[in-house]
Each structure stands twice: as C-alpha cells, then as structure tokens.
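Biologist: Before we discuss any single feature, please show me the model, and then take me through how each kind of feature should be read.

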Amino acid sequence: MSVPSFHRHFKDITTMSPIQFQKQLRLQEARRLIISESTDVADAAFRVGYESPTQFSREYSRMFGFPPKEDRKRLKGLI
C-alpha cells in the first residue's frame with residue numbers, strides 16, 4: 001500500500017490523519033499520567049515524547065480546553 005493510500009484509508013476510518021491520531025494518543029496518555037499517577041506535567045510531557053513543555057502545554061490546552069495543571073485540579077475535584 002502506498003503512503004498516500006494508507007493516509008486516505010486511515011483518515012476514512014479514524015476521521016484524522018496518522019499524525020493527529022498519534023498526537024491524541026500521546027496527550028491522552030499524558031493526561032492519564034498527570035491525573036492517576038500524579039506525575040509532574042513536564043515529566044509527563046517528556047515521557048510521552050514531547051521535548052518542549054511549552055509546546056506540550058499548548059497542545060494539551062487545545063485538546064482538553066484547560067492547561068495541564070488546571071485540568072488536574074479540575075478533574076481531581078470530580079473524583
């Protein structure tokens with residue numbers, strides 16, 4: 001299968017590109033680490049493959065609607 005064909009089939013099934021899908025998985029794993037394991041935000045970012053905590057925080061906020069630290073406080077209050 002060619003790369004363009006793979007991307008087209010992948011997007012048909014997931015409604016996102018492979019890169020967007022990978023980013024979503026990484027951010028969800030970081031969120032799990034931050035909330036359930038009380039991992040430091042910068043450490044969670046590095047553990048899921050981000051080199052820049054600033055970039056991680058920006059993408060996390062875009063995906064979940066809150067910065068990581070604020071999201072942790074908000075979600076811990078719900079549990």
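Modeller: Let us begin with helices: helices (H or I, at least four residues) and strands (E, at least two) are DSSP runs, numbered from the N terminus. The expected span of a helix is 1.5 Å times one less than its number of residues. This is a predicted model, in which local features need pLDDT of at least 70 and side-chain atom pairs count only at pLDDT 80 or more, while totals for chains, interfaces and linings use all residues. Residues are numbered from 1 along each chain as its sequence is written, and side-chain values use heavy atoms, with hydrogens and water left out.

Biologist: What span should the twelve residues of helix α1 have at 1.5 Å a residue, and how far apart are its end C-alpha atoms?

Modeller: Helix α1 covers residues 3-14 and should span 16 Å, and since its end C-alpha atoms are 16 Å apart, the two values agree.

Biologist: Which residues of α1 are buried, and which are exposed on the other side?

Modeller: Buried means under 20% relative accessible area, exposed over 50%, and partly exposed in between, with a 1.4 Å probe and protein chains only. By that rule Ser5, Phe10 and Thr14 are buried in α1. Seen down the axis, the buried residues of α1 fall within an arc of 145° (the arc being that of the directions from the helix axis to the C-beta atoms), so they line one face of the helix. Pro4 and Asp12 are exposed on the other side of α1. The buried residues of α1 pack against α2, residues 18-36, where contact means heavy atoms within 4.5 Å.

Biologist: What is found at the two ends of α1?

Modeller: For the first end we need polar contacts: a polar contact is a pair of N or O atoms within 3.5 Å; within protein, one must be able to donate a hydrogen and the other to accept it, and residues adjacent in sequence count only if both atoms are side-chain atoms. Serine 2 caps the N-terminal end of α1, with a side-chain oxygen 3.2 Å from the backbone nitrogen of serine 5. Threonine 15 belongs to the loop between α1 and α2 and, with a relative accessible area of 63%, is exposed. Serine 38, in the loop between α2 and α3, is likewise not a glycine and has a positive phi of about 50°.

Biologist: How should I read a nonpolar core, and which residues make up the largest one here?

Modeller: In soluble globular proteins, nonpolar side chains tend to be buried together. A nonpolar core is a set of buried Ala, Val, Leu, Ile, Met, Phe, Trp, Tyr and Cys residues joined through side-chain atoms within 4.5 Å. The largest one has twelve residues, namely Leu27, Ala30, Leu33, Ile34, Val41, Ala44, Ala45, Val48, Tyr50, Phe56, Tyr60 and Phe64. Two or more residues of this core come from each of α2, α3 (41-47) and α4, and the largest share, four residues, is given by α2.

Biologist: Which residues does leucine 27 touch?

Modeller: Leucine 27, in helix α2, counts as buried at 1% relative accessibility. Not counting residues up to four places away in sequence, leucine 27 touches Tyr50, Phe56, Glu59, Tyr60, Met63 and Phe64. Leucine 27 and phenylalanine 64 are 37 residues apart in sequence, yet 9.0 Å apart in space, C-alpha to C-alpha.

Biologist: Where do the buried residues of α4 lie around its axis?

Modeller: The buried residues of α4 are Phe56, Glu59, Tyr60 and Phe64. They cover an arc of only 115° around the axis, which puts them on the same side of α4. The face turned away from that buried side carries the exposed residues Thr54 and Arg62. The buried residues of α4 pack against α2, α3 and α5.

Biologist: Is glutamate 59 buried or exposed, and which side chains does it join in polar contacts?

Modeller: Glutamate 59 counts as buried, at 10% relative accessibility. Its side chain makes a polar contact of 2.5 Å with that of tyrosine 50 and another, of 2.4 Å, with the side chain of glutamine 55.

Biologist: Where is confidence lowest and where is it highest?

Modeller: pLDDT is the predictor's confidence in each residue, from 0 to 100. The protein chain averages a pLDDT of 93, and 99% of the residues score at least 70. Confidence is lowest in helix α5 (residues 68-78), at a mean of 86, and highest in α4, at 96.
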